[in-house]
Amino acid sequence: MNRRNKSGARTMRLDPILFIATAYLSVLSILTVYGAVENFGRIKLVMQIAMTLVGFVAMFIISRIDYKFLIDRFWLYMLIGSVMLLAITLIFGSTGDKMVTANKSWLRIPVFGIAIQPSEFVKVAFLCSFSFHLNKVKDTINKPKTLAWVLLHAFVVVGLILLSGDLGVALVYLGIIAVMLFCAGISVWYLLLFAAIIVLAFPFIWDLLAPYQQSRIIFGFAPELDPNNVGKQPLLSRETIAAGGWFGIGLKTAGHYEDLAASHTDFIFATICEKFGFVGGASVVVALSVITVRLITIAIKCRDNVGRLICAGIAAIIIVQSMENLWMCLALVPVVGITLPFLSCGGSSVLAMYLLIGLANSVYAREKSFYFKAT
């Protein structure tokens, strides 16, 4: 009985480091939106609070589910469901509210009258199905036939996202795939070959991009060349960050962020820096780094290969998405439209991130190496 009770307690346990770091980022996000509620609108504040609470509940629920059972039984349904959902979005999807792009990455749910970004939730299903696939072929991963099937699995999903025009999210998926393949034991020579193929294929890929995407890339690395058009927002973002100084202008003080488009989503880091200064911005980087390092630690300690791949994949999401967003806010890379984990306003992004952390906690809760052995 005592052993069963300990086992039950273990399945309910959350990693305290992940819990504290994610909670801090969510609280900071809500405070930032509250401080700019006159600019963002009260609906944004209500939505951020609601989705954060829903996310916490979802994280607790998933942490109690045995990820091995979930993946063993439903990995194929997750893969098929992901492809179907992305295909439906490609056909019936639309751009987000007030977005001037050709993306079709949002899907409106008629009954509830809300819009979701399916590619955010597909991250969870993709991690599960791809981890299962890689684990099944771990002994033959470097055989061409095996690798071909693995890549087909990966690029069916990425291809649909690219067809929707969502380049930023597609880059995140490519990061996930690269990290998980590396952790699964793929030969470095294959990775170098893939890199060479991408370089050689770039001219052809460039022709497939929409004109606004090409402009973002050209002026994204040098926004000063087009300060009144494509380069305007990243330059304003950089000015907003600088305006915060060391300790910020204050929670309720108006500032540059009011003139910055998407200052509650893609550029929320700039808003945080202006309101809370360098200290606030640095705390974001530290918290995201703590989450990443903790996920990598769980992956290293995990003795189950599927659990290891899942945590490595989630760490890849945090790393790639955070680097894309922060560098974009600093006007160092093109604006590709990517959210900052746990901070950007957006129900799909917030909820998906907490689903992923719940999955990591499920791995943590069932890994005996994190617990003292019973005497």
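Ser119 counts as buried, because its relative accessibility is 5% (buried is under 20% relative accessible area, exposed over 50%, partly exposed in between, with a 1.4 Å probe and protein chains only). The model is predicted: local features need pLDDT of at least 70, side-chain atom pairs count only at pLDDT 80 or more, and totals for chains, interfaces and linings use all residues. Residues are numbered from 1 along each chain as its sequence is written, and side-chain values use heavy atoms, with hydrogens and water left out.

Ser119 sits in helix α6 (residues 118–136). Helices (H or I, at least four residues) are DSSP runs, numbered from the N terminus. Beyond its neighbours within four places in sequence, Ser119 is in contact with Leu86, Ile161, Asp166, Val169 and Tyr173 (contact means heavy atoms within 4.5 Å). Thr32 is 87 residues from Ser119 along the chain, and their C-alpha atoms are separated by 26 Å.

## Aromatic pairs

There are 13 aromatic pairs in the structure. Rings of Phe, Tyr and Trp (its six-membered ring) pair if their centres lie within 6.5 Å; planes under 30 degrees apart count as stacked, over 60 as edge-to-face and the rest as tilted.

Phe19 and Phe56 make an edge-to-face pair, 5.7 Å centre to centre with 70° between the planes. Phe19 belongs to helix α2 (residues 16–35) and Phe56 to helix α4 (residues 42–64), so this pair ties together parts 37 residues apart in sequence. Phe19 counts as partly exposed, at 30% relative accessibility. Phe56 counts as buried, at 15%.

Conventions. Helices (H or I, at least four residues) and strands (E, at least two) are DSSP runs, numbered from the N terminus.
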